[in-house]
Amino acid sequence: MVANNFNLASPFLPAGDQPAAIETLVSRFAAKNARQTLLGVTGSGKTFTVANLIQNLQVPTLVLAHNKTLASQLYQELRELFPDNAVEYFVSYYDYYQPEAYIPSSDTYIEKDARINERIERLRNSTTASLLTRRDVIVVASVSCIYGLGDPETYQNLALRLVVGGDCLRQQLLRELVRTQHSRNEVGFGAGTFRVRGNAVEVWPIHEESRFLRIELEDGKISELMYVDSLTGEILETPHNVAVYPVGHYVQPEEKIPQALVSMRAECSARVAELNRLGKNLEASRLERRVLSDIEDLEELGYCVGIENYSSLFEQRADGQPPFTLLNYFPSDFLTIIDESHVTLPQVYSMVRGDAARKESLIEHGFRLPSALNNRPLAEPEFEGMMSRVLYVSATPSHRERALVSDDYVEQIVRPTGLLEPIIEVRSAKHQVEECLAEVLKCVKLQQRVLVTTLTKRSSEDLTEFLQENRVKASYMHADIDTMQRSELLRDLRLGVIDVLVGINLLREGLDIPEVSLVLILDADREGFLRSTTSLVQTCGRAARNVDGRVIMFGDKMTESMQEAINESQRRRDIQHAFNVANGITPRTISKPVIDSLSGILLRESDEHQVDYQAIDWQQQGDELREQMQSAAADLKFELAIELRDKLQRLETQRLSHDE
């Protein structure tokens with residue numbers, strides 16, 4: 001493992017409360033199993049504090065976020081701060097995921113259905129490859145990191161170790177590539193494939209984006225290794241040795257398969273006998289057919305659909321023993337940063353219960369072996385026990401984080417920019433939609449951006465449509481918007497392609513948009529999760545990066561949560577004001593460059609967003625999309641119709657932006 005050093009690249013020095021926070025955290029993390037909480041208000045530079053902590057500790061770091069949008073933002077920021085180090089992105093690689101399930105009440109079996117995002121899959125493989133080869137690694141991850149991933153020792157042992165001058169027969173090399181799930185493709189050469197060119201074998205490692213490996217063979221030895229640019233053919237690097245990792249994390253070595261098959265047959269026989277004793281002959285027959293089919297695939301191909309459900313049998317894990325996850329790929333001294341911990345921790349701890357309930361139904365009705373329960377997310381004590389040093393970061397830490405820390409939490413309230421908490425105004429909800437439009441139009445004239453939070457997905461879509469009908473460049477963002485598009489929406493908001501972003505709870509934690517001067521909270525008096533004290537404080541914080549920041553809560557009564565949020569905001573405002581007066585600071589809006597969207601970063605296309613708007617035939621593109629949408633709806637392909645509708649709305653906002 002290469003021991004490179006972290007190198008924080010920033011023209012800024014810690015300021016405000018940051019120096020004291022960094023010094024305190026570094027000293028407290030001298031203990032290996034330390035737990036600390038950083039209470040950092042929005043705009044106080046929590047990410048910069050975290051970056052300085054990583055720089056001081058010099059250990060591999062996991063940054064855990066509760067959703068892909070926040071993870072994407074953190075990934076981009078940390079890439080900017082650590083350009084010379086391995087900053088990786090590890091989230092679920094599904095754009096669409098329907099887990100396998102069975103509904104007894106209607107006798108409905110739902111087969112697993114998923115659409116994998118190949119770019120994110122590449123980043124996941126890049127993450128594990130980096131963790132196994134170097135120490136200067138920062139992994140920004142979602143809760144996907146607590147799900148089963150396969151044994152890191154097996155994954156590492158299956159890697160092909162290629163050394164210049166080492167023995168290597170071509171046929172043996174090809175067999176090894178096939179065994180690690182690489183496919184031969186002479187035409188559609190891409191990640192996870194290989195091809196033969198005379199005495200050379202070219203392999204495109206699964207974690208590489210735009211370069212492949214050429215292996216030159218001569219007299220049964222490797223004469224040269226070269227990384228080649230996939231577009232230009234330019235030789236980029238000539239390493240002495242290379243490790244080519246398997247295409248998937250569940251690839252199993254040949255010697256493990258017979259042992260696992262014995263365990264599968266034994267468990268299947270025992271379970272089938274048990275089901276027959278209980279009079280569940282249909283379930284017994286169903287289970288036997290499925291397992292025998294999977295065994296046949298494993299014998300012939302070394303792989304089967306749903307192989308993760310047999311992971312404990314391949315890894316010889318006992319019932320109840322935790323699965324291997326991304327955390328197992330880290331060295332023992334790693335640091336964990338749990339961002340927005342008041343949301344992330346409950347989400348992490350709840351995953352295992354939902355997974356168990358779904359699988360118990362499958363097992364009971366003969367769709368899976370009982371050992372499938374062992375392929376699960378980590379439970380709370382397992383997750384906490386695997387981490388070395390942990391920093392819980394939140395503007396509103398819960399009692400859980402406070403109970404977990406060994407010392408008082410560290411406060412970071414003073415902002416280096418001198419920005420005060422936004423002014424909060426409460427208005428009646430009677431005409432909230434009309435007033436929302438009026439306030440939006442005022443901000444648009446000043447070239448400022450607006451966030452609007454609603455309570456439901458339907459209301460966010462309806463409000464967006466209403467704003468668009470009034471020639472406002474608006475868009476909505478909720479759970480149905482995929483990872484890449486969310487990142488692009490946030491970038492478009494900052495650039496002014498859209499002026500208003502409407503959402504539900506996705507607009508709360510961690511979104512860093514300095515151009516936003518106004519946050520509108522509709523139905524603020526509807527007590528509940530989305531309108532709790534914590535949620536309201538977090539939502540108000542979205543306007544705390546702009547010197548003109550304001551918040552308007554619409555409600556017909558003052559709830560306890562609203563009052564507590566207003567009081568806490570005023571407390572923080574008073575602390576910042578006193579600091580500004582004492583140090584002669586004039587508040588100023590945060591200045592932050594607009595970095596590329598996540599899809600742009602992954603593609604690394606310099607002209608990704610350099611669109612020639614003059615060349616666009618807006619009418620033709622709109623008509624084509626509308627026709628495709630209507631055709632999809634007529635064919636009952638509603639998911640496709642919704643996707644096309646969203647593209648049509650996005651095209652319309654771009655047209656409005658161009659016209660103005």
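Predicted model: local features only at pLDDT ≥ 70, side-chain atom pairs only at ≥ 80, totals over all residues.
**Close-up 1. Strands S24 and S25 side by side.** Strand S24 (residues 516-521) and strand S25 (residues 550-554) pair in the parallel sense over four bridges; pairing here takes at least two DSSP bridges between two strands. The strands and helices are DSSP runs numbered from the N terminus, with at least two residues (E) for a strand and at least four (H or I) for a helix. Residues are numbered from 1 along each chain as its sequence is written, and side-chain values use heavy atoms, with hydrogens and water left out.

**Close-up 2. The open sheet, strand by strand.** Six strands line up in the order S20-S25-S24-S21-S23-S22, with parallel pairing. At the edges sit strand S20 (423-427) and strand S22 (474-477), each pairing on one side only. From one strand to the next, the twist averages 20°.

Close-up 3. Helix H16 (residues 533-540) lies across S20, strand S21 (449-453), S24 and S25, and runs at about 150° to S24. Helix H17 (residues 560-583) also packs on the sheet, touching S20 and S25, and its direction makes about 160° with that of S20. Touching means heavy atoms within 4.5 Å; the angles run from 0 to 180 degrees between N-to-C directions, using axes fitted to C-alpha atoms, for helices over the stretch in contact.

**Close-up 4. Two hairpins that share S14.** Strand S13 (residues 211-218) runs antiparallel to strand S14 (residues 221-229), and eight bridges join them. Their hairpin has two residues between the strands, and Asp219 in the turn has a positive phi of about 55°. S14 is also joined to strand S15 (residues 235-237), antiparallel again, by two bridges. That hairpin has five residues between its strands, with Gly233 in the turn at a positive phi of about 80°. Val228 is a handy landmark: it is the bridge partner of Phe212 and stands opposite Ile235 in S15.

Close-up 5. Ser341 lies in helix H10 (residues 341-364). Is Ser341 buried or exposed? Ser341 is buried, with a relative accessible area of 0%; the cut-offs are under 20% for buried and over 50% for exposed, with partly exposed in between (1.4 Å probe, protein chains only). Leaving out residues up to four places away in sequence, Ser341 touches Pro346, Tyr392, Val393, Ser394 and Glu401.
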